[in-house]
Amino acid sequence: EIKLKKKDLSPVSVKVMDPDRNPLVTVEFEKVKFKADFDKDDFEMKKNMTRAQLGLPAMAGGGENDALTVKYPTFELKGTKLTDEKKIDLENG
């Protein structure tokens, strides 16, 4: 289920449901940028597949001076905790 604002057709929420229409995943949008800037190679498959194999985000910069920021969830799921964290140093960050 995808809900859009009538005014500008920006997304409000997306729900992925099971066959009985019970929501399994819900994504709510606070802010949408329609004219986002992308680098020329942001969608280059070989670069993104390499980053995926290293467990890095596909479009996290990658330039000499770019730093990768670790993102942690702000919502705590009951009965879960961080069990391991590993830092990987690469040539470009």
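Guide: Buried means under 20% relative accessible area, exposed over 50%, and partly exposed in between (1.4 Å probe, protein chains only). The model is predicted: local features need pLDDT of at least 70, side-chain atom pairs count only at pLDDT 80 or more, and totals for chains, interfaces and linings use all residues. Numbering starts from 1 along each chain as its sequence is written, and side-chain values use heavy atoms, without hydrogens or water.

Visitor: Is Glu-1 buried, exposed or partly exposed?

Guide: Glu-1 has a relative accessible area of 37%. That value falls between the cut-offs of 20% and 50%. So Glu-1 is partly exposed.

Visitor: Which side chain meets that of Glu-1 in a salt bridge?

Guide: A salt bridge needs a side-chain nitrogen of Lys or Arg within 4 Å of a carboxyl oxygen of Asp or Glu. A search of the whole structure finds one. Its N to O distance is 3.6 Å, and the partner of Glu-1 is Arg-21.

Visitor: How many residues apart in sequence are the parts that this pair ties together?

Guide: Arg-21 is exposed, at 56% relative accessible area. Glu-1 lies in the segment before E1, and Arg-21 in the loop between E2 and E3. The pair therefore ties together parts whose separation in sequence is 20 residues.

Visitor: What is the strand order in the open sheet?

Guide: Strands are DSSP runs (E, at least two residues), numbered from the N terminus. Two of them pair if DSSP finds at least two bridges between them. The sheet has three strands with antiparallel pairing, in the order E1-E2-E3.

Visitor: Which are the edge strands?

Guide: An edge strand here pairs on one side only. E1 and E2 (residues 11-17) pair over three bridges. The edges are E1 (2-4) and E3 (23-28).

Visitor: What is the bridge partner of Lys-3 in E2?

Guide: E1 and E2 run in the antiparallel sense. In E2, Lys-3 is bridged to Ser-13.

Visitor: Which element gives the most to the nonpolar patch?

Guide: Such a patch joins nonpolar side chains (Val, Leu, Ile, Met, Phe, Trp, Tyr) within 5 Å, from residues with over 30% relative accessible area and no salt bridge. This one includes Val-16, Leu-24 and Phe-34, with about 610 Å² of accessible area together (Shrake-Rupley, 1.4 Å probe). Leu-24 is exposed, at 59%. The top contributor, with three residues, is E3.

Visitor: With which side chain does Ser-10 make a polar contact?

Guide: Ser-10 sits in the loop between E1 and E2. Ser-10 is buried, at 4%. A polar contact is an N or O pair within 3.5 Å; within protein, one atom must be able to donate a hydrogen and the other to accept it, and residues adjacent in sequence count only if both atoms are side-chain atoms. At 2.8 Å, the partner is Asp-8.

Terms used: Helix = DSSP H or I, 4+ residues; strand = E, 2+ residues; numbered from the N terminus. Patch = residues over 30% accessible without salt bridge, like charges linked within 9 Å, V, L, I, M, F, W, Y side chains within 5 Å.
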